[in-house]
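Please look over the sequence and the model before reading on.

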Amino acid sequence: MDNNTNDIESENDKVKEEWIKIQDELRNQLIEKDQLSFNLKDNTLKYIGGVDISFVKDNQEDACACLVVLEYPTMKIVYQDIEFIKLELPYIPGFLAFRETPFLIQLIDRLKQSQDNSKFLPQVIIVDGNGILHPRSFGLASHLGVLIDIPTIGIGKTFFHVDGLNAKDVKKQVELSCHKGGDFIELKGESGKVWGLALQSNDDSKNPIYVSIGHRISLETSLEIIKTTTKYRVPEPVRQADLKSREFIRLHFNNTTSSSNSNSSSK
DNA sequence: GCGACAG
DNA sequence: ATCTTGTCGC
């Protein structure tokens, strides 16, 4: 029986090794500077995207993927696509991209192919997950960005330990240095590398968000965009994607499945 | 060996 | 990720 668990463990290690190779390869295509189809100074940023996946409770595989496109800077939703999906892989810290990326790409592809809506293809996408703020500098936002070749910004809501940085010290630093919305600190690790920023979203948000480069954008431009699209704790594009996907689950999944406490009838 | 660990 | 009421404040 111990042999079984050992076999499984070594199988998992093999898979992780393969995944690491894949990401090492993809990372060669990662661009950590501005390579954009717009300039923030001259109103050429029109469409900004947000993606998120929400889950059905007590369920590791039934979920809802959402892509929204907002008009900049009005933040009005001009396009949305929401669908039920079945996750095929578990959540493994450090390998989130392999779990979620296939479904997000599908949403982007559908928009690209849309006869009427392809004009809404976002010029930059804000992703619910880190960019290069990641053990191998290649989180979900970067992985997705490279695969779809669209600029992305990574947003984390909880800190991911990397390069000697840890949540406790980071939050302590934020407490000391950030007092109002827009204040931020650099996330500089032991190696000296700047992995991203901890940003106070608004004047009364105590809990920071973590901004990092996804793909084809600089940290400076990322910050500028995040600041101008954030009203609540998380930027409006990802917030809307989150709200839409949760609502979809509430409306179409809940009473549709047995799952839990209905009126316990028979017995 | 032990703990940490995006969503 | 998800589970949840009240509560503080504009």
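What follows covers the sheet, the helices on it and the residues around the DNA.

This is a predicted model, in which local features need pLDDT of at least 70 and side-chain atom pairs count only at pLDDT 80 or more, while totals for chains, interfaces and linings use all residues. Residues are numbered from 1 along each chain as its sequence is written, chains are lettered from A and ligands numbered from 1 in the order in which they are written, and side-chain values use heavy atoms, without hydrogens and water.

An open sheet of mixed pairing is formed by 8 strands in the order 3-2-1-4-5-8-7-6. Strand 3 (76–86) and strand 6 (184–188) are the edge strands, each pairing on one side only. Helices (H or I, at least four residues) and strands (E, at least two) are DSSP runs numbered from the N terminus, and two strands pair if DSSP finds at least two bridges between them. Strand 7 (residues 194–199) and strand 8 (residues 209–215) run antiparallel and are joined by 3 bridges; L197 has V211 of strand 8 as its bridge partner.

Helix 4 (residues 167–177) lies across strand 6, strand 7 and strand 8, at about 150° to strand 6. Angles run from 0 to 180 degrees between N-to-C directions, with axes fitted to C-alpha atoms, for helices over the stretch in contact (heavy atoms within 4.5 Å).

Around DNA strand C are S54, F55, K57, K157 and R246, where a residue is near if one of its heavy atoms lies within 4 Å. Of the atoms of DNA strand C within 4 Å of the protein, sugar and phosphate account for 100%. A polar side-chain atom of K157 lies 2.9 Å from a phosphate oxygen of DNA strand C; for R246, the corresponding distance to a phosphate oxygen is 2.8 Å.

Notes: Polar contact = N/O pair within 3.5 Å; in protein donor to acceptor, adjacent residues only side chain to side chain.
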